[in-house]
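Reader: I have a model open on my screen and would like to talk it through with you. Could we go over the fold, then the contacts?

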Amino acid sequence: MQELTVQVDGHVVRLQPGESATIGRGRDCDITIVDVDVSRRHAQVSAQGGGW
């Protein structure tokens with residue numbers, strides 16, 4: 001399985017299989033998106049079953 005690359009506002013985060021990340025506008029999130037349409041804890045991504 002390949003890494004997952006997430007790009008937000010010019011910042012790139014690369015996740016390897018076995019890693020996970022929380023996405024949202026909260027300060028405790030691994031990937032922060034400052035947008036009123038994004039929840040404080042909007043999503044979590046992780047590798048499972050051969051995909052992300």
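Reader: Which strands form the open sheet, and in what order?
Author: Bearing in mind that this is a predicted model, the open sheet is made of three strands in the order 4-3-5, and their pairing is mixed. Its edge strands are strand 4, residues 31-32, and strand 5, residues 43-46, each of which pairs on one side only.

Reader: In what sense do strand 3 and strand 5 pair?
Author: Strand 3, which covers residues 20-24, pairs with strand 5 in the antiparallel sense, over four bridges. If you want a place to look, Ala21 has Val45 in strand 5 as its bridge partner.

Reader: And what holds strands of a sheet to one another in general?
Author: Strands of a sheet pair through backbone hydrogen bonds, and they may run parallel or antiparallel.

Reader: How many helices and strands does the chain have?
Author: There are zero helices and five strands, so that, by the DSSP runs used here, the pattern along the sequence reads β-β-β-β-β.

Reader: What do strand 1 and strand 2 form?
Author: Strand 1 and strand 2 form a hairpin with two residues between them, and in the turn Asp9 has a positive phi of about 50 degrees. The two strands, residues 4-8 and residues 11-15, pair in the antiparallel sense over five bridges, with Val8 standing opposite His11 of strand 2.

Reader: Switching to electrostatics, how many salt bridges turn up in the whole structure?
Author: A search of the whole structure finds two salt bridges. In one of them Arg14 pairs with Glu3, where the closest N and O atoms are 3.4 Å apart. Because Arg14 lies in strand 2 while Glu3 lies in the segment before strand 1, that pair ties together parts that are eleven residues apart in sequence. Glu3 itself is partly exposed, at a relative accessible area of 33%.

Reader: What does Asp28 form a salt bridge with?
Author: Asp28 forms a salt bridge with Arg41, and the closest N and O atoms are 3.5 Å apart. This pair links distant parts of the chain, 13 residues apart, since Asp28 sits in the loop between strand 3 and strand 4 and Arg41 in the loop between strand 4 and strand 5.

Reader: Is Asp28 buried or exposed?
Author: Asp28 is exposed, with a relative accessible area of 55%.

Reader: What does Leu15 touch, apart from residues up to four places away in sequence?
Author: Leu15 touches Glu3, Leu4, Ser20, Ala21, Val45 and Trp52 on that basis.

Reader: And Thr22, is that buried or exposed?
Author: Thr22, which is found in strand 3, is buried, with a relative accessible area of 9%. Leaving aside neighbours within four places in sequence, Thr22 is in contact with residues including Cys29, Ile31, Arg41 and Ala43.

Reader: Last topic, the chain overall: what does the C-alpha trace span?
Author: Along its principal axes, the C-alpha trace spans about 35 × 20 × 15 Å. Of the 52 residues in the chain, 21% are buried, and the accessible surface comes to about 4,000 Å², with 42% of that belonging to carbon and sulfur atoms.

Note on methods:
Residues are numbered from 1 along each chain as its sequence is written. This is a predicted model: local features need pLDDT of at least 70, side-chain atom pairs count only at pLDDT 80 or more; totals for chains, interfaces and linings use all residues. Side-chain values use heavy atoms; hydrogens and water are left out. Two strands pair if DSSP finds at least two bridges between them. A salt bridge is a side-chain nitrogen of Lys or Arg within 4 Å of a carboxyl oxygen of Asp or Glu. Buried means under 20% relative accessible area, exposed over 50%, partly exposed in between (1.4 Å probe, protein chains only). Contact means heavy atoms within 4.5 Å. Accessible areas come from the Shrake-Rupley method with a 1.4 Å probe; for residues, only the protein chains shown count as cover.
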